[in-house]
Amino acid sequence: MIKISFAGVWVHDQDEALAFYTEKLGWELRADVTLPELGGYRWLTVGPPDQADVSLLLNAIPPPPVLDAATAEQIESLMAKGWAGNVLLTTDDAQASYEELTARGIEFSESPEERPYGIDCAFRDPSGNQFRLTQVSEPAVV
Amino acid sequence: MRVVPSERHLLRARDLVDASYAEPLDVDDLARAAGLSRAHFSREFRRAFGESPHAYLLTRRLERAAALLRATDRSVVEICFAVGLRSVGSFTTSFTRAYGVTPTAYRASFPPASQYALIPSCVLRAYGRPQHRTFREDDGASPA
């Protein structure tokens, strides 16, 4: 059986991202390891407290020679324009989660709205990655 | 802390459109959200996203109106105000220019079942927004 264990998003600043994911989104830090032998590469992962087997990898844009400066700049720009990353989350109660996260300072780009598949809303992380938070309704029998 | 790319501030203004299109929002409000003067903001927004902030705001409102026409039985007038537009006449003109049919004809062309397609609303919003069209483009061919 093949499962998802890690998925990655680019982040503009790993410290800023870590603070956002742990303090505002309420996720837990899974690993924060800096490897001097790899030019200071920092493996930084976080995840939802109730979902231990899936982590989100917060990737810094690497310096040359790992990645050339022009490509790094393109990623940076895509990220800042909001087209680099996309994560879909589920919740038991979209309205409650929306209120809780708003109270912690997360700015939503879409407030909870009823859709045929449930109720959902959307926000971004500080880097511009788009998050959708959905309360999924019972699937229809096809 | 690394310097935040300027586009991130522009994205903040674009997100404000997506969040608050129903309110009486204008380009000045968006420029303030990005922390830029109006003229500079409009130029930078167009450079980053390929269209003016005015066009983005209008087409977001039209996209939301189209979604309401498909998914609800609210009247055209109600929908016009619900998406932050204040003139039914201009709404009908802009909508017809963008979608090629009047709001009423647009609604009639969709069977109610279409609302049950399980497409996340991020996809709906991103792909449903019409191309902005100006009066100059009205000559000749009808909108695609």
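**A helix and its surroundings**

Reply: The buried residues of α2(A) pack against β1 (6–11) of chain A together with α1 of chain B, contact being heavy atoms within 4.5 Å. Helices (H or I, at least four residues) and strands (E, at least two) are DSSP runs, numbered from the N terminus. This is a predicted model, in which local features need pLDDT of at least 70 and side-chain atom pairs pLDDT 80 or more, while totals for chains, interfaces and linings use all residues. Residues are numbered from 1 along each chain as its sequence is written, chains are lettered from A and ligands numbered from 1 in the order in which they are written, and side-chain values use heavy atoms, without hydrogens and water.

Helix α2(A) covers residues 69–80; its 12 residues reach 16 Å from first to last C-alpha, close to the 16 Å expected at 1.5 Å a residue, a span defined as 1.5 Å times one less than the number of residues. A:A72, A:I75, A:E76, A:S77, A:M79 and A:A80 are buried in α2(A), that is, under 20% relative accessible area with a 1.4 Å probe, protein chains only. Just after this helix, A:G82 has a positive phi of about 90 degrees.

As for the chains, 26 residues of chain B are in contact with 26 of chain A. The rule finds 2 salt bridges across this interface (a Lys or Arg side-chain nitrogen within 4 Å of an Asp or Glu carboxyl oxygen). A:E113 forms a salt bridge with B:R64, their closest N and O atoms lying 3.2 Å apart. On the side of chain B that touches chain A, α1(B) gives the most, with 7 residues.

Technical notes: Buried < 20%, exposed > 50% of the residue type's maximum accessible area, 1.4 Å probe, protein only.
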